Amino acid sequence: MTICVVGAGVIGMLSSLQLAEQGASVVLLDQHSAGTEASWAGGGIVSPLYPWRYDASISALAHWSQDFYPKLGEALQQQSGIDPEVHVTGLYWLDLEDEDQALAWAHRHTRPLHRVAMEQVRAAVPSLGEGFSKAVYMPGVANVRNPRLLQSLRAALAKLPNVTIIEHCPVSGFVREGTRIVGVQTAQGEMRADQVVVAAGAWSGNLLATLGLELPVKPMKGQMILFKCAEGFLPSMVLAKRRYAIPRRDGHILVGSTLEDVGFDKTPTKDALESLKATAVDLLPGLADAEVVKHWAGLRPASPDGIPYIGPVREYEGLWLNCGHFRNGLVLAPASCQLLADLMLDRSPCIDPEPYAPSGRL
């Protein structure tokens with residue numbers, strides 16, 4: 001079976017890896033370089049920012065993925081020689097307005113979230129700023145260094161003889177025989193395949209529109225900044241007022257993010273930079289003197305309620321979706337890609353596929 005996967009972000013690359021490891025011949029296409037869009041730009045927290053505010057279908061994917069990530073990191077390092085740095089730090093939420101709902105959710109889902117006295121938080125995170133009055137903590141939450149995860153995925157794919165990666169090759173439409181999809185139209189000509197997977201993130205809706213299908217996925221810009229600090233400056237992730245700080249193993253601190261509905265504009269702005277700096281210093285006053293190493297923006301694939309589209313498009317035989325993960329593409333990728341592979345290879349699905357089925361949602 002030959003499968004064409006459109007989009008080489010974390011979803012497209014991990015889908016390709018899962019399918020190729022089961023013997024499929026995979027052609028992976030991207031309009032730019034693999035792994036340089038939203039997957040690269042995100043923070044890499046292996047949890048939704050506020051998991052209790054999401055539909056149960058998001059929790060199902062997130063819990064499966066969280067349990068799987070350490071194994072994925074080890075496997076990718078062995079396959080590629082590049083460590084994705086799955087870094088377990090735990091996560092503190094500060095001054096939550098819906099703390100009771102969060103704790104009730106944790107109880108229902110048996111997740112280890114609990115209240116912590118601020119004295120304990122300050123002892124654990126000495127760099128934390130003043131002015132916070134209450135906290136909840138979830139141990140075991142990891143972050144992944146997403147640029148390295150993407151490098152690792154690409155390197156693992158490049159070693160497989162049944163995978164072809166074609167970059168800088170925009171896809172403009174589909175090749176059809178009646179209502180069957182038999183390939184894609186690209187800047188390099190027609191490419192045929194038995195099955196086509198759309199994993200093009202924020203660009204997925206534009207592609208499906210060429211078939212007259214309306215996929216409610218659109219770009220939502222997010223801006224981030226990266227500081228360089230001493231190792232150990234921030235031992236745990238912290239989140240307050242919809243902003244977060246994420247420590248990398250080598251002392252880099254990532255602070256994000258904005259949420260802007262400005263179409264496909266990825267230009268970093270001075271206003272966002274100043275806002276993110278203010279957030280950073282509010283959370284961690286020591287960052288006032290730290291060097292800002294980088295400031296960038298990415299485009300999240302926003303979908304209604306953040307529920308991704310995973311599965312076959314019934315109107316067009318041979319067409320599959322794995323897109324629309326909004327803010328949680330990195331979090332949900334392992335489960336989403338496993339589910340897609342299960343469905344495409346006619347295996348028992350790892351979780352109930354019904355909530356993500358495109359049927360009735362397009």
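Which side chains does a polar contact of 2.6 Å join? The side chains of Glu85 and Arg148 are the pair in question; a polar contact is a pair of N or O atoms within 3.5 Å, where, within protein, one atom must be able to donate a hydrogen and the other to accept it, and residues adjacent in sequence count only if both atoms are side-chain atoms.

## Basis of the model

This is a predicted model, in which local features need pLDDT of at least 70 and side-chain atom pairs count only at pLDDT 80 or more, while totals for chains, interfaces and linings use all residues. Residues are numbered from 1 along each chain as its sequence is written, and side-chain values use heavy atoms, with hydrogens and water left out.

Glu85 is placed in the loop between α3 (56-80) and β3 (86-88); helices (H or I, at least four residues) and strands (E, at least two) are DSSP runs, numbered from the N terminus. Apart from neighbours within four places in sequence, Glu85 is in contact (heavy atoms within 4.5 Å) with Asn143, Val144, Arg145, Arg148 and Arg249.

## The six-stranded sheet

Six strands form an open sheet with mixed pairing, in the order β8-β2-β1-β12-β19-β18; two strands pair if DSSP finds at least two bridges between them. The edges are taken by β8 (163-166) and β18 (309-312), each with a single partner strand, so one side of each has no neighbour in the sheet. From one strand to the next, the twist averages 15° (axes are lines fitted to C-alpha atoms, for helices over the stretch in contact, and angles run from 0 to 180 degrees between N-to-C directions).

Strand β1 (residues 2-6) has four of its five residues buried, so it is largely enclosed by the rest of the structure. β1 runs parallel to β2 (residues 25-29), joined by five bridges, and Val6 has Leu29 as its bridge partner in β2. β18 pairs with β19 (residues 319-323) in the antiparallel sense over four bridges, where Tyr309 stands opposite Cys323 of β19.

## Helices on and around this sheet

Helix α1 lies across β1, β2, β8 and β19, at about 170° to β2. Helix α9 lies across β1, β12 (195-198), β18 and β19, at about 170° to β19.

α1 (residues 10-21) and α9 (residues 329-344) pack at about 40°, with axes 9 Å apart. By class, their contact has 11 nonpolar, five polar and no charged residues (Ala, Val, Leu, Ile, Met, Phe, Trp, Tyr, Cys and Pro count as nonpolar, Asp, Glu, Lys and Arg as charged, and the others, Gly among them, as polar). The axes of α1 and α6 (residues 146-158) come within 10 Å and cross at roughly 35°. Among the residues making this contact are Val10 and Leu14 of α1 and Leu149 and Leu153 of α6.

## The eight-stranded sheet

A further open sheet of mixed pairing has eight strands in the order β5-β6-β4-β14-β15-β16-β13-β17. Its edge strands, β5 (114-116) and β17 (291-302), each pair on one side only, and the twist averages 25° from one strand to the next.

Strands β15 (residues 243-247) and β16 (residues 252-256) run antiparallel and are joined by four bridges; Ile246 stands opposite Leu254 in β16. Helix α8 (residues 270-283) packs on the sheet, and its direction makes about 55° with that of β13 (218-228).

Methods:
Buried < 20%, exposed > 50% of the residue type's maximum accessible area, 1.4 Å probe, protein only.
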